[in-house]
Amino acid sequence: MAEKDDWKKQLPYIGEYELGIHKTPVKKLADILASCTIRQLKSFFYSYNVTNKDIPSKKAELVSAAVKLITENCAQFLMCAGGINFDFYKQYLNCRNTETGVCNADLYVPDPKDYEDESEIFMYIMKSGLVKIFLQKGLLFKFDVRNGDELFVIPDEVYDEVTTHIKKDGTHPFGSMYACKEFADTLLSLYGVLTVRDFKILWETAFPEQKMTREEIIEFMKFSSRDNDVYNFHENKNILSHILLDEEQAQEILDDRKLHTLYVPSKENLLNWFEDSKNPDTDDAFNSQGKFEFEYKNPCYIQMKGFLEKARKHDEDSDEILTDIMFYIKDGFRMNQVIEILNEDYELTQTMSAKEAEKFFKIYQELNNSTHLWVNYGSSPNDLSSQKTHDLRFFSSPVPVMQTPPNVSPFPKVGRNDPCPCGSGKKFKQCHGRK
């Protein structure tokens with residue numbers, strides 16, 4: 001294997017390769033680099049995409065050039081590589097001992113399966129990727145001392161360079177993990193399931209000055225998935241999914257939307273929705289599970305909420321019913337199927353008069369048609385029906401508004417993921433359950 005292709009194995013590195021500097025820790029960058037091997041020194045140049053022809057061959061020249069390379073690029077790397085790196089690295093700056101350069105935080109945590117404490121799991125997940133990035137770029141160095149301990153040092157020159165930029169530029173806008181997480185909360189109500197590609201497109205539409213690499217987004221998804229009550233993260237597919245979805249349901253949504261393209265709102269709309277999700281003017285912006293409901297300003301959603309509260313005589317289950325309705329609509333359920341489920345769980349229409357039932361069906365159909373559907377990749381049926389494109393025939397049309405209740409499904413007891421009774425071999429939801 002070519003030396004450049006194998007550069008990561010030469011780093012003084014936590015994790016897979018366990019290569020550290022086997023000398024007494026020092027805090028001056030030149031002294032630290034002088035403790036590295038020639039191959040390790042070259043690896044820093046490769047990490048900054050310097051070509052072989054521009055890398056010195058002698059060690060003294062390598063050390064001098066590496067000091068210049070790291071100090072000139074470390075702060076810019078943190079600022080441009082994304083808020084995740086910047087926000088996390090600041091934690092190390094804050095815990096750095098000024099006398100020794102050693103980080104006081106416990107940077108090594110064993111396998112997260114051995115822990116239940118959220119903060120310890122968080123530290124493990126973050127270190128698994130981002131600490132390696134800091135080591136690759138010379139922002140952090142790992143020393144293996146004789147008693148088996150590991151010490152992590154931020155060199156004086158790197159500390160001074162980065163803190164100078166922090167003081168000059170202030171807090172990195174939208175730079176924290178939690179801002180990314182809040183942005184994902186808004187998007188998941190709109191899309192249900194996000195892949196790495198989806199999140200990258202939408203994030204960079206909203207914040208074009210804050211580019212994120214695929215690796216950073218995956219680290220963010222791993223960070224977010226530590227809260228099992230909010231997300232499911234499937235590492236092999238890199239999916240961030242809505243609270244009510246399991247892996248099979250998430251994959252079904254991805255399959256259902258293959259004939260659609262990602263609905264990409266304008267930067268202005270994305271930023272407005274993001275701010276609204278963080279600071280809504282009413283508690284009605286959150287569903288019965290406490291999660292942001294993107295459609296809460298939709299007039300049809302408001303009308304359905306009021307109707308249910310009145311029909312259920314303000315019982316607490318009206319909010320639960322509305323949450324279920326929104327999930328079924330976004331996930332592409334047929335209205336007949338939804339009504340059957342709601343009747344089984346809540347005896348919904350069974351307690352209504354004929355006039356109330358007719359009103360409910362009308363509101364439901366209008367809500368369905370105006371809601372951004374997960375299975376439509378974020379577009380509403382009304383949006384798709386208005387598109388003047390040659391492939392309009394592929395899109396789901398709005399449900400026609402009926403004046404009478406719909407007929408009962410011919411397969412009332414068939415599960416959504418069960419084989420369709422018609423014998424097609426497809427799942428019910430992909431056959432008669434969707435027609």
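Q: In which hand does helix 13 pass helix 14?
A: In this predicted model, helix 13 passes helix 14 in a right-handed crossing. The two axes come within 11 Å and cross at roughly 155 degrees.

Q: What does that angle say about the relative direction of helix 13 and helix 14?
A: Angles over 145 degrees count as roughly antiparallel. Helix 13 and helix 14 are therefore roughly antiparallel to each other.

Q: How do helix 12 and helix 15 cross?
A: The axes of helix 12 (residues 299–311) and helix 15 (residues 354–370) come within 9 Å, at a crossing angle of roughly 150 degrees. This pair is therefore also described as roughly antiparallel, and helix 12 passes helix 15 in a left-handed crossing. On helix 12 the contact is made by Cys-300, Tyr-301, Gln-303, Met-304, Phe-307 and Leu-308. The residues from helix 15 include Phe-360, Ile-363, Tyr-364 and Leu-367, as well as Glu-356 and Lys-359. The contact divides into 9 nonpolar, 2 polar and 3 charged residues.

Q: Which residues of helix 10 are buried, and against what do they pack?
A: Burial is read from relative accessible area, with buried meaning under 20%. In helix 10 (residues 247–256), the buried residues are Gln-249, Ala-250, Glu-252, Ile-253, Leu-254 and Asp-256. They pack against strand 3 (193–195), strand 5 (239–241) and helix 13 (317–330).

Q: Is Asp-198 buried or exposed?
A: The same cut-off of under 20% applies to a single residue. Asp-198, which lies in helix 8 (residues 196–206), has a relative accessible area of 0% and is therefore buried.

Q: With which side chain does the side chain of Asp-198 make a polar contact?
A: The partner is the side chain of Tyr-377, at 2.8 Å. Leaving aside neighbours within four places in sequence, Asp-198 is in contact with Val-193, Arg-257 and Leu-262 as well as Tyr-377.

Key: Residues numbered from 1 in each chain as written. Predicted model: local features only at pLDDT ≥ 70, side-chain atom pairs only at ≥ 80, totals over all residues. Heavy atoms only, no water. Helix = DSSP H or I, 4+ residues; strand = E, 2+ residues; numbered from the N terminus. Buried < 20%, exposed > 50% of the residue type's maximum accessible area, 1.4 Å probe, protein only. Polar contact = N/O pair within 3.5 Å; in protein donor to acceptor, adjacent residues only side chain to side chain. Contact = heavy atoms within 4.5 Å. Axes fitted to C-alpha atoms, helices over the stretch in contact; angles between N-to-C directions. Parallel < 35°, antiparallel > 145°, perpendicular 65-115°, else oblique. Left-handed = near helix turned anticlockwise from the far one by under 90°. Nonpolar A, V, L, I, M, F, W, Y, C, P; charged D, E, K, R; others polar.
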